[in-house]
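Good morning, and thank you for coming.

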Amino acid sequence: MKIGFVLPGTCRFPGGGFKVVYEYANFLASHGHKVSIYFDCSSSLKRFHLPESVRKIAARYLVWKRPSWFPLDPQVRKICVFGVTNQVISQGDAIFATAVSTAVPVSRLSADKGQKFYLIQGYENREVSDAEVQATYQLGMTNIVVSKWLENIVQKFAPHPVLISNSINTDVFNIQKPLNQRNRYSLIFHWRKESYKGGGFALELIEKLHRKYPDFKFTAISNLAKPENFPNYVEYVYGIPPEEVARLNNQHALFVCTSVAEGFGLPGLEGMACGCALVSSGYQGVYDYAVNEENALISPVKDVDAMFRNVERLLRDDSLRIRLAQAGYECAMKRTLAATGMRLEQLLLSDSDRT
């Protein structure tokens, strides 16, 4: 099959939505499909106020150069476009919108571009209204959702969304250091500046822990350079590839997530795969893989005190930490990229057979 994905520009640093698309592209290419990723660079680099011709040259260079943080299969074609139109999208068997900004233009493409799919990875109402988001679900494409809570939302506006829950590359994310050999006073988290990622709550939590336990080891993984006011007792790394993320996860006992709203929340699942006990806020997407007291400890969103108490429970009770970490690992190992890739491929092939 000839399969295309349309992404909203390029992504300089690691991003979950882009990563999911890249992993699907790699999987499909490895199964003999001809895969293209179209990077819509209509808005790229505009903040630099460059001449239009220079901006387009620079955008094409970035598409050629990126992603530096993910091993994209060389068989996957990368194409820089400035607007999603019939003139720039090749004929194919399937074409994917991957974000609200790409949904409408993909839906308007001619039928020879392939069956139209919409990969919905979050409820993207941060830059557009709820009504605009909901309208994209009703464009007549096959809606694919990555979590149960998104399925519940989308099916209110369009029938029969397809649930293909996110997965991880278990060849990369797995246990490398035994659970009982880890420093229980060690915690890793992902820090992002966006408010819905809950970075402020993470910093509030580690400050409370640092005051009470000065020797506690903290590591933050980010997609941005370290801010000037970031705590100096936190090891800070950014822009690192998945293999390095997995290595760092394995050096810690706990993985903390303080998100307020997430479509799914891949980092938490990756942390579980690496043997970290997950301590998370109860944002919507986490419940696709985390069960409170069974494979994680979950506290209300924005409740730093409750999360602090959960961390302390694991510090006091190492057997509980190991039990949750082991259960989390077993859960994560069932969510393989091979399984979800096969599910997506089967969907594509079945839709192709009906046309």
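Predicted model: local features only at pLDDT ≥ 70, side-chain atom pairs only at ≥ 80, totals over all residues.

Let us begin with one of the sheets. Seven strands, in the order β3-β2-β1-β4-β5-β6-β7, form an open sheet, and their pairing is parallel. Which strands lie at the edges? They are β3 and β7, the latter covering residues 162–163, and each of them pairs on one side only. Helix α2 packs on this sheet, where it touches β2 and β3, and its direction makes about 160 degrees with that of β3.

Please look now at β4 within that sheet. It pairs with strand β5, residues 115–120, in the parallel sense, and 4 bridges link the two. As a landmark for this pairing, F96 stands opposite F117 in β5. Helix α3, residues 100–107, lies across β1, β4 and β5, and runs at about 145 degrees to β4.

Strand β4 spans residues 94–97, and I95 is placed in it. Is I95 buried or exposed? Its relative accessibility is 1%, and the limit for a buried residue is under 20%, so I95 counts as buried. What surrounds I95? Beyond its neighbours within four places in sequence, its contacts include G4, F5 and V6, as well as Y38, I89, V106 and L109. The run from K113 to F117, that is K113, G114, Q115, K116 and F117, is also in contact with I95. For a sense of distance, I95 and N125 are 30 residues apart in sequence, and their C-alpha atoms are 23 Å apart in space.

Let us turn to the other sheet. This open sheet has 6 strands in the order β10-β9-β8-β11-β12-β13, again with parallel pairing. Its edge strands, each pairing on one side only, are β10, residues 234–238, and β13, residues 296–299. From one strand to the next, the twist averages 20 degrees.

Helix α6 packs on it and touches β8, β9, β10 and β11, with a direction that makes about 160 degrees with that of β8. Helix α8, residues 266–273, lies across β8, β11 and β12, and runs at about 170 degrees to β11.

Helix α6 also meets another helix. The axes of α6, residues 199–212, and α9, residues 304–316, come within 10 Å and cross at roughly 50 degrees. The two helices are therefore oblique to each other. Their crossing is right-handed. On the α6 side, the contact is made by F201, E204, L205, K208, L209 and K212, and on the α9 side by V304, D305, M307, F308, V311 and E312. What classes of residue make up this contact of α6 with α9? There are 7 nonpolar residues and 5 charged ones, with no polar residue.

Staying with helix α9, we find L314 within it. Its relative accessibility is 0%, and therefore L314 counts as buried. Apart from residues up to four places away in sequence, L314 touches L254, A277, V279, L297, L320, R321 and L324. The C-alpha atoms of L314 and F82 are separated by 51 Å, and these residues are 232 apart along the chain.

I close with some details of the backbone. Most residues other than glycine have a negative phi, and most peptide bonds are trans. Where does this model depart from that pattern? The peptide bond from R66 to P67 is cis, with omega near 0 degrees. P67 lies in the loop between α2 and β3. H49, which is not a glycine, has a positive phi near 55 degrees. This residue, H49, sits in the loop between β2 and α2, and its relative accessible area of 70% makes it exposed. E293 is not a glycine either, yet its phi is positive, at about 75 degrees. The loop between β12 and β13 holds E293, which counts as partly exposed at 33% relative accessibility.

Thank you for your attention.

Key. Residues numbered from 1 in each chain as written. Heavy atoms only, no water. Buried < 20%, exposed > 50% of the residue type's maximum accessible area, 1.4 Å probe, protein only. Contact = heavy atoms within 4.5 Å. Axes fitted to C-alpha atoms, helices over the stretch in contact; angles between N-to-C directions. Parallel < 35°, antiparallel > 145°, perpendicular 65-115°, else oblique. Left-handed = near helix turned anticlockwise from the far one by under 90°. Nonpolar A, V, L, I, M, F, W, Y, C, P; charged D, E, K, R; others polar. Pairing = 2+ DSSP bridges.
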